[in-house]
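The sequence and the structure come first.

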Protein chains: 2
Amino acid sequence: MSGSEAHGAAPATSLDEQGLIERYFRPLATAPGAFSLLDDAASYTPPPGADLVLTKDGIAEDIHFLPGEDAGVIARKALRVNLSDLAAKGATPVGYLVLLGLSDDWSEDWVARFAEGLAGDQNLYGATLYGGDTIRSGRFIVTITAFGTVASGGIVRRAGARAGDHVYVSGTIGDGALGLLAARGDPRLAGLGEKHRAHLLSRYHLPQPRVALAESVARFATAALDVSDGLVGDLDKLCTVSGVTARVSAADVPLSEAAGAAVKRDPALLSVCLTGGDDYEIICTVPPEKASDFEASVSSAAVPVRKIAEVTQNGGRAEFVDSAGLEMDFGNRSFSHIDSHAASHDRGTYSGR
Amino acid sequence: MSGSEAHGAAPATSLDEQGLIERYFRPLATAPGAFSLLDDAASYTPPPGADLVLTKDGIAEDIHFLPGEDAGVIARKALRVNLSDLAAKGATPVGYLVLLGLSDDWSEDWVARFAEGLAGDQNLYGATLYGGDTIRSGRFIVTITAFGTVASGGIVRRAGARAGDHVYVSGTIGDGALGLLAARGDPRLAGLGEKHRAHLLSRYHLPQPRVALAESVARFATAALDVSDGLVGDLDKLCTVSGVTARVSAADVPLSEAAGAAVKRDPALLSVCLTGGDDYEIICTVPPEKASDFEASVSSAAVPVRKIAEVTQNGGRAEFVDSAGLEMDFGNRSFSHIDSHAASHDRGTYSGR
């Protein structure tokens, strides 16, 4: 089909789906197995000695991003939440398939900016487009399946942490959750300076997946997951499936300067940081004898990590203690995607999430 | 996370996302690489000598199915449109990832029936769940990424048809499009008998992907695609990318008894059959010297196929001629997903569609 025919009353563009694909998506499909988006399906074969790792995540208007959000940011966010999952499994990104659900008032300009966002992230992270689908869906929705590779048998599971392992977390925790509060004009952040507010907002709007950490995770970690639903809940998950306990001093959890300032003004915000989600950092466990090699490896990858606990036997849960040494009680320990009160915030997924 | 905690005000169920996963989705995740849906991502490695084939398609309430449609049918439809793409590429299905977008009035019973639909199709087609994501999306939306395998280098492309090849189409054409008219109470089908109407409706509601044809396609076809946007438009696509022409006598296109009866009452419905989409049959081209082996092979797979044309050099298009030998003029030659007039009907996708 020629891409230049216009069918019907699609708004603000003379392009039909084929036209959109040719103009905006085909340039992203640079891998041979994507067949220039000219086929029903794509083909990919992991190199000998490698396993494929697959994950799928979606974001929807009004739930994960606000109406009017920049299309390029939406595209990047949708891709990055998937790349974060791959990184936590130790996988190097290869490609992705995208389903774009268009709202009734979509425009060609919106699609152009969406594709531009993907193009920028393809350059940053080295994954290319392998295919997808464009439908009308009432509101904007983006679902992405991303895939990557690990050395054969080398996927890093959530299960696998052993007594004595050190628990590391990358980057800083809580910025995304505080950024959401800032976006909502929450009064608890009213006195925060502009620079701090901007930092939190940017962390909320656009995840920074720790793709650079994947190789170190693959080489040294016994277990890992990405922090999308909150540090407390996600560390709980790792402990549960590994059958171990991790006792974390809340004071050891790395906070950004901005989050630190917010918590200093209102100490109750510490709970928001620990349970709020949207971090897209990585938790991993590393055997003590490999800890220094792991730290050297991530340091050369220029990713900050901090040890927050050592794993003890049995129990199957994470415990967080405050500065008085008392165990903290969080109520909801992580966000859920499907509960209505979590609207605009839910993030997590299930395998392959 | 325990699956039994209830967060917030999700309607008609005490289960949160983890609870839904444990109860309804985990039993579908039987492959070792799905990790019982307990991890961030899944793992799969094609056996030596095989390539992976990937495709992604989505369907949305109000666009591809009506509000109130049975959740099991929605699940099956979403999976089957993907399996149809794999079959057309000659690929044997292996697994799939599903994103389920829940409307605001979702219920646990709806999710239970959705999972039941998937379970039934897993048994029928041999693909199992590898992961996914559940989000709130305002209206029900299902996007699926399915994957399968072909012998190394053996994916059957749309490009590849050569002069002299026979053009085959499986099953019957037009039932889905007429079924949509029937569902809408279109007066042109008013006089059709109940049995015929039921046949058309069932073909519209639930595609029957030609998974059983995949092996024959892989062994004998030079080019193939699945008919999702209408025979005319999809054969156009195959001809365009292959750089060949196929001239089809409309009278040779296989119609079901029901479609034949409808066209007999109103001959203008023939155009609807040829361009209407929703067929999920396979078009493939087979070299003349392999035609009889191909026919024997599909016959043993119990899939009806009919030769509808022979490919001629150059041109890059499909021509359909009527009983008087005149070329038919269709206006829109296939349905588009994103044009508003195509609402409730659009189906196609792009690679990997």
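## Cysteines and a helix pair

At 1% relative accessibility, C239(A) is buried, where buried means under 20% relative accessible area, with a 1.4 Å probe and protein chains only. The model is predicted: local features need pLDDT of at least 70, side-chain atom pairs count only at pLDDT 80 or more, and totals for chains, interfaces and linings use all residues. Residues are numbered from 1 along each chain as its sequence is written, chains are lettered from A in the order in which they are written, and side-chain values use heavy atoms, without hydrogens and water.

Over all chains there are zero disulfides, a disulfide being a pair of cysteine sulfur atoms within 2.5 Å. C273(B) is buried too, at 0% relative accessible area. For both cysteines, the closest cysteine sulfur is too far for a bond.

| Cysteine | Closest cysteine sulfur | Sulfur distance |
|---|---|---|
| C239(A) | C284(A) | 13 Å |
| C273(B) | C239(B) | 20 Å |

In chain B, the axes of helix α2 (residues 71-88) and helix α3 (residues 108-125) come within 7 Å and cross at roughly 40°. Contact means heavy atoms within 4.5 Å. Residues of α2(B) that meet α3(B) include I74(B), L79(B) and L83(B), and among those on the α3(B) side are W110(B), F114(B) and L118(B). By class, this contact has 10 nonpolar, three polar and four charged residues, with Gly counted as polar.

Methods: Buried < 20%, exposed > 50% of the residue type's maximum accessible area, 1.4 Å probe, protein only. Axes fitted to C-alpha atoms, helices over the stretch in contact; angles between N-to-C directions. Helix = DSSP H or I, 4+ residues; strand = E, 2+ residues; numbered from the N terminus.
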